[in-house]
Amino acid sequence: MRQPAHASEGQRPSIVLGLGCERGAAAAEVIALAGAALRAAGCSADALALVASLDTRAEEPAILAAACHFSVPLRTYDAATLEAETPRLANPSEVVFRHTGCHGVAEASALAAVGPQGRLVVAKLKSDHATAAIAESFQAVAAGCSPIESGASVGSQVRREA
């Protein structure tokens, strides 16, 4: 990965995996796609800070399984927050917009999590029933609750950590 100019010497980026999936997608499919995205980014799973997705997927078993598989928190965002990321998306989709109210889930949620100083390093990868993307930031990516997280995301995180 090429490091942005604002990275300090030896500083490792915070890596966020953005995931989207159809309802009922197989956990194995989502986890395999997530692994492919990490490989495409040249990252190991231990570099992952969190998984991010659309708030309507906060209770989706495959998304929860991926967060558990990588032992990282799940942070979700509402459609309006993800829609605000549209200018930064590599692959905006009208089809996704009609279904979710935002032009992308995987890319947009990864970008929302890394903030305005972050960047997309792996554009949307697709499998039959899921999407994945990777974003990075050289700013800290907080794994805890933030004002733009959904309540469902916080509840999911608490259940996994309990």
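R88 is partly exposed, with a relative accessible area of 29%. In this predicted model, R88 forms a salt bridge with E85, and the closest N and O atoms of the pair are 3.0 Å apart. E85 counts as buried because its relative accessibility is 12%, under the 20% limit.

The count of salt bridges comes to 3. Another joins the side chains of E136 and R119, at 2.7 Å from N to O. Because E136 belongs to strand β5 and R119 to strand β4, this pair ties together parts that are 17 residues apart in sequence. E136 is buried, at a relative accessible area of 2%, whereas R119 is partly exposed, at 26%.

A salt bridge is also formed between R23 and E60, with 3.7 Å between the closest N and O atoms. This pair links distant parts of the chain, 37 residues apart: R23 is in the loop between β1 and α1 (27-41), and E60 is in the loop between β2 (48-54) and α2 (61-70). R23 counts as exposed at 55% relative accessibility, while E60 counts as buried at 6%.

The largest pocket has a volume of about 570 Å³. Two or more residues of its lining come from each of β1 (14-21), α4 (94-100), α5 (106-114), β4 (119-126) and β5 (130-137). The largest share, 4 residues, is given by α4. In total, 28 residues line the pocket, and C21, E22, V96, V105 and T131 lie nearest its centre. By class, the lining is made up of 9 nonpolar, 11 polar and 8 charged residues.

Notes
Residues numbered from 1 in each chain as written. Predicted model: local features only at pLDDT ≥ 70, side-chain atom pairs only at ≥ 80, totals over all residues. Heavy atoms only, no water. 1 Å grid on protein atoms, 1.4 Å probe; cavity = no way out; pocket = protein on both sides within 12 Å on 5 of 7 lines; lining within 4 Å. Points joined across faces, edges and corners; volume = space filled by probe spheres on them. Nonpolar A, V, L, I, M, F, W, Y, C, P; charged D, E, K, R; others polar. Salt bridge = Lys/Arg side-chain N within 4 Å of Asp/Glu carboxyl O. Buried < 20%, exposed > 50% of the residue type's maximum accessible area, 1.4 Å probe, protein only.
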